[in-house]
Amino acid sequence: MADHEYTAVLAQRWDEVADRYEEYFVPRFRPWVVATVEAIADTELPSGPILVPCCGTFPELPLLAGQFPGREIVGMDISPVMVSHAEQRAVPWPTARAIVQDAAVLDPAWSATCAAVVSVFGLHHLPAPDEAVSDWVRALTPGGRLAVAFWPYEADATDPWGLADLLVARQAVVTERSWEESLAAAVTAAGATIRRDEFVAFEMVHADAAALWEAMSTAAAGALRATALRHGPEFMEQMRKEFLRHAPTGEWRHRRRARLIVADK
Ligand SMILES: C[S@@+](CC[C@H](N)C(=O)[O-])C[C@H]1O[C@@H](n2cnc3c(N)ncnc32)[C@H](O)[C@@H]1O
């Protein structure tokens, strides 16, 4: 598959889940969005826009606009439906906008232009996250700050996504995560100094495991949705049963940790 075809397929997958993503995951992911935005608030930013790669429906925007009034804030996403949600969210702020653009390989026009790059839960969806993060560092102007949060691979069956990953792995579907090891080096090699590289954990609540499974397979275009498209409904029904068998009954309350990297150019 040529690069542009691959990109179009991915964009369409995110288009399909955008409404449900906004409804189910945006409220649940909010604490991490707050933590990532706060990570650029304790420094004097240089002039220039704040770029938000993989903005989705742009939940970062109200927090950023509150923190940096009048600043140009640009959300970037590969999915036109996500971007139309983002544009709706941007209406109250004339200096904010959202654009359809690939954040995996940044347009060189962004080089050395941005005061900050803030990205939440997009990096691990990209084909080469370490290369993408290097591009994001290169987009910073001197004195600019990078704050990136992503879900690390969890081989922990008490974590819902960890459990799903283990079930996917059992079907010999390999999740390539070696890039997590080289991420900090990639940020440094691109010319930034790491200020924080740590896990940030918060609680998440779901009505029950069935509701969460449904959201994981229809409200995000991650590993489960890719598995569903590759292996079909019967296969997924088997996985769903396995998931429910291993999950707690009733309301599911769990802590989940993201990795947050903060660096200065
Ligand atoms: C889990 S959502 C995160 C959205 C938002 N930042 C949030 O915290 O809710 C991941 C987003 O990454 C976008 N995405 C995936 N691959 C991308 C790419 N190559 N370039 C730009 N955006 C991409 C998807 O369309 C999706 O909106």
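Let me start with helices α4 and α6, which are roughly parallel to each other, a label used here for angles under 35 degrees, with over 145 counting as roughly antiparallel, 65 to 115 as roughly perpendicular and the rest as oblique. Helix α4 covers residues 129-138 and helix α6 covers residues 179-189, and the two pack at an angle of about 20° with their axes 9 Å apart. The axes here are lines fitted to C-alpha atoms, for helices over the stretch in contact, and the angles run from 0 to 180 degrees between N-to-C directions. The helices themselves (H or I, at least four residues), like the strands (E, at least two), are DSSP runs, numbered from the N terminus.

α4 passes α6 in a right-handed crossing; a crossing is called right-handed if the near helix is turned clockwise from the far one by less than a right angle, and left-handed if anticlockwise. On the α4 side the contact is made by P129, D130, V133, S134 and V137, and on the α6 side by W179, S182, L183, A186 and V187, where contact means heavy atoms within 4.5 Å. Sorted by class, the residues of this contact are 7 nonpolar, 2 polar and 1 charged, with Ala, Val, Leu, Ile, Met, Phe, Trp, Tyr, Cys and Pro counted as nonpolar, Asp, Glu, Lys and Arg as charged, and the others, Gly among them, as polar.

Before I go on, please keep in mind that this is a predicted model, in which local features need pLDDT of at least 70 and side-chain atom pairs count only at pLDDT 80 or more, while totals for chains, interfaces and linings use all residues. Residues are numbered from 1 along each chain as its sequence is written, and side-chain values use heavy atoms, with hydrogens and water left out.

The crossing of α1 and α7 is left-handed. From α1 the contact takes in V17, R20, Y24 and F25, and from α7 it takes in A211, L212, E214, A215, M216 and T218. The classes in this contact are 7 nonpolar, 1 polar and 2 charged residues.

Now to the covered helices.

Helix α5 is mostly covered, since 8 of its 11 residues are buried, namely P160, W161, G162, L163, A164, D165, L167 and V168. Those buried residues pack against α1, β6 (193-206), α7 (209-218), α8 (223-246) and β7 (252-264). In the loop between β5 (140-150) and α5 (160-170) we find E154, which counts as buried at 12% relative accessibility. Not counting residues up to four places away in sequence, E154 touches G162, D165, R256 and R257.

Let me turn to some other loops. P127, in the loop between β4 and α4, is exposed, with a relative accessible area of 56%. Leaving aside its neighbours within four places in sequence, P127 is in contact with Y6 and A104. I78 sits in the loop between β2 and α3, and although I78 and D102 are 24 residues apart in sequence, they are 5.3 Å apart in space, C-alpha to C-alpha. Again not counting residues up to four places away in sequence, I78 touches T7, A11, V100, Q101 and D102.

I will finish with two backbone angles. Most residues other than glycine have a negative phi. F58, in the loop between β1 and α2, has a positive phi, near 75°, and at 0% relative accessibility F58 counts as buried. A112, in the loop between β3 and β4, also has a positive phi, near 55°, whereas at 45% relative accessibility A112 counts as partly exposed.

Key: Buried < 20%, exposed > 50% of the residue type's maximum accessible area, 1.4 Å probe, protein only.
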